[in-house]
Amino acid sequence: MKAAQAISEMIHLDQLTATLMQVVIENAGAETGALVLLEDDRLTVVAQCSGSRQCNLEKIAVAGCATIPVSVIHSVERTQETLVFDDAVSKLSFSTDPYIQHQQTRSLLCMPILKQNQLIGILYLENNLSTGVFTSDRVQVLKLLIAQAAISLENTRLYERLSDYSETLERKVEEQTQALQQEIAERRQTEAALRQSEANYRNLLQTANSVIIRYDPQGRIHYINDYGVKLLGYEEHQILGRTLFETIIPDIEISGRDVKPFVHDLLRNPQSYPQGEGENLCRDGRRVWVAWSNQAIFNEQGDVVEILSVGNDTTQRRQAEEALQRSEAKFRAIFENSQVGIYRTRTCDGLILNANQRFADLFGFDSPQEIIGIEHTIGYWVNPSDRQQGIEVMKRDGEVRSYEAQMRKRDGTVFWGLFSSYLNAGDDYIEGVIADISDVYDELRLRKQAEVALQASEAELRSLFSAIPDPLCVVTAQGRVIETVAGNPRQLYSSVEEKVGKTLHQIFEEEQADKFMGYIQQVLRTQQVLTVEYSLQIDGRETWFSARIAPIRHEQVIWIARDITLQKRAEAASILEERNRMAREIHDTLAQAFTGILAQVGAAKQVLTDDLEATESHLDLIKELARTGLVEARRSVVALRPQLLEEGSLQSALHRLVAQLRTAAIDTTLYYEIEGAVYSLPTEIESNLLRMGQEALTNAIRHANADEIRVELVYDRDRFCLRVRDNGQGFGVGSIPASEGFGLLGMSERAERIGAQLTIRSQPGQGTEIVVTVNWE
């Protein structure tokens, strides 16, 4: 009888082991798992479980088990260290394992079970659906679970001993009285250990990151863990004793599905519903999606007394799936309504596998259904060699862009098509887009006629160039002078015969040549005429030139330089005259006003005590003189403001600057944005911010090779921010030579002058961002 009781208890422990393995698999995100124990100094597989089936508790020697990677098990046995692989099949050290080769194992975890630093078993888990499943957080949870499992395993061994003692007691009751007493003592110890194990197991359930709930066949809830209470928004006393229908099961899901019949069937026959997913109702009315794993708990008579359900919150996954469905619907709408033909064809014979309405229209069909799976595009190429040539390019590069070829419609009409296609060699198909560019080819023919006319006038233009009095030269993109026309004696080059064929670096100093090369590269990149001013030392004197640099064919520019030295001298004299005028103006206005103020102060001081009326008259005169001086001072300050700020504020000046640059940088898109309520800044700050923005924009257009530049002004209550960003080639901020970083140095000095913070962020290939921040605290 006692032996039967021990066997019954052993069965209970087997169920506990199976339940524990099920909890471990679900919390770890595994598909399958196995428990290996050390019995008689030999590793034995005692449990093999999966998330969707009951555990197989048949004992098998590790060496003879074909459902686990034996090499991994022995490695953990040897090292007593946990192995975690994000993609086991790619690990060279275990890739030859027969099981891993056969299963193509992805995520794998193998953890030793230790008791007082002694190996008593090994836990093995795997997931072949995804890589990187066993994260560090899950490994930490598993270590806590395994620590409790070690106690349960020790209890199992004690039960086995207890079973042996019971059988011996039945055979030799009279001879083993003392052994019986020992057995009773050991049983008490075992029961105490079991109670502790059950307490630990209960603690494990309370701290799990899943909803764990037990309820009877009538649906009354007997237990729910802390995670479930928090997720569903109940207090424990508000849910225990109530039914599922009174608490967490909605009458009707948002989708309209009635879940009551399903739940009633689950309560009657839980074995038929090991897995399920549905909406659950929170106390505050929120709906959450939960994926449930259900397991029936039987009594000794085999009747279902409780149902254990473990649920994982899948709300975010469901929301992501719904978002994906909306995205697919949006893509389908774009596909069907696109104004360019979209297609997928079989590589070998051109069979049309998929196409949109526009593709069908291009080839003269009423709908895609007339061609998908029926028509072959090979017959619609005017020159079949064009198709083969495109396929060869795709085999080499993986894709082909802007590929032009003549195509034929169903009625024989020929048109020019522009293709961009991608080759999927593994699945033997080509997908891409096609547009009808026949109108473009007509325009090209007209351009060809214009080009012929242009060539006819080239001789006349050369004659005109030879008559130009200003120095003129043609320079290549590499800076080599290939043609020169001498103008007046103050020309750019002192001897035409000596300079033709040389590079700019051979003619000028390195710094000057680098500057000229920058101008040439900007003109070739933007294909816009550039006007620049520069000075050269000719015959020991500084000579100023104004040059217009224009792009011509074959990556060349034409450079026309005009001597503007006399203009520069006139400008310098004009500036000097203006300074003298301002000095006279200040002397005649502000200085006289201040002199008058001082005289009146002295006079007022003398009569202050004797004649109050005279004193008041002097003070009124002082006030009038001060007001006059203030008006003159303001007029002088306004005259000295920067040109772009003369007719507006910082934001309007930057807007005009961006508009000017848009006309010159046609290959670059410039954006100008203002955030926050605009307010006025001090004149000195606005002036310096304008110069820093101008320098940042100039650098981005000249050096970054960017497709996009953004200028942003941010007006916050406690700070102002100017930001200039581009998506160009970037640079190493700390790697710029001092000789090339004067622009950035000047920006830094201006920021320091107005108390602003300058931040420069850039990496090669990652664009550049320049931020100037002015704090008002």
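Hi everyone, here is a short tour of the structure shown above.

A word on how to read it: this is a predicted model, where local features need pLDDT of at least 70 and side-chain atom pairs count only at pLDDT 80 or more, while totals for chains, interfaces and linings use all residues. Residues are numbered from 1 along each chain as its sequence is written, and side-chain values use heavy atoms, leaving out hydrogens and water.

The protein chain has 21 helices and 27 strands; these are DSSP runs numbered from the N terminus, helices being H or I with at least four residues and strands E with at least two. Of its 777 residues, 39% count as buried, meaning under 20% relative accessible area with a 1.4 Å probe, protein chains only.

Now, the largest nonpolar core. Such a core is a set of buried Ala, Val, Leu, Ile, Met, Phe, Trp, Tyr and Cys residues joined through side-chain atoms within 4.5 Å. This one has 34 residues, and Leu654 and Leu689 are among those touching the most other members. Which helix or strand gives the most to this core? H20 does, with 8 residues.

Next, please find the open sheet of 5 strands, ordered E19-E18-E22-E21-E20 with antiparallel pairing; two strands pair if DSSP finds at least two bridges between them. Strands E19 (481-485) and E20 (530-538) stand at the edges with a single partner each, so one side of each has no neighbour in the sheet. E18 (residues 472-476) and E19 run antiparallel, joined by 4 bridges, and Leu472 sits opposite Val485 in E19.

Conventions
Buried means under 20% relative accessible area, exposed over 50%, partly exposed in between (1.4 Å probe, protein chains only).
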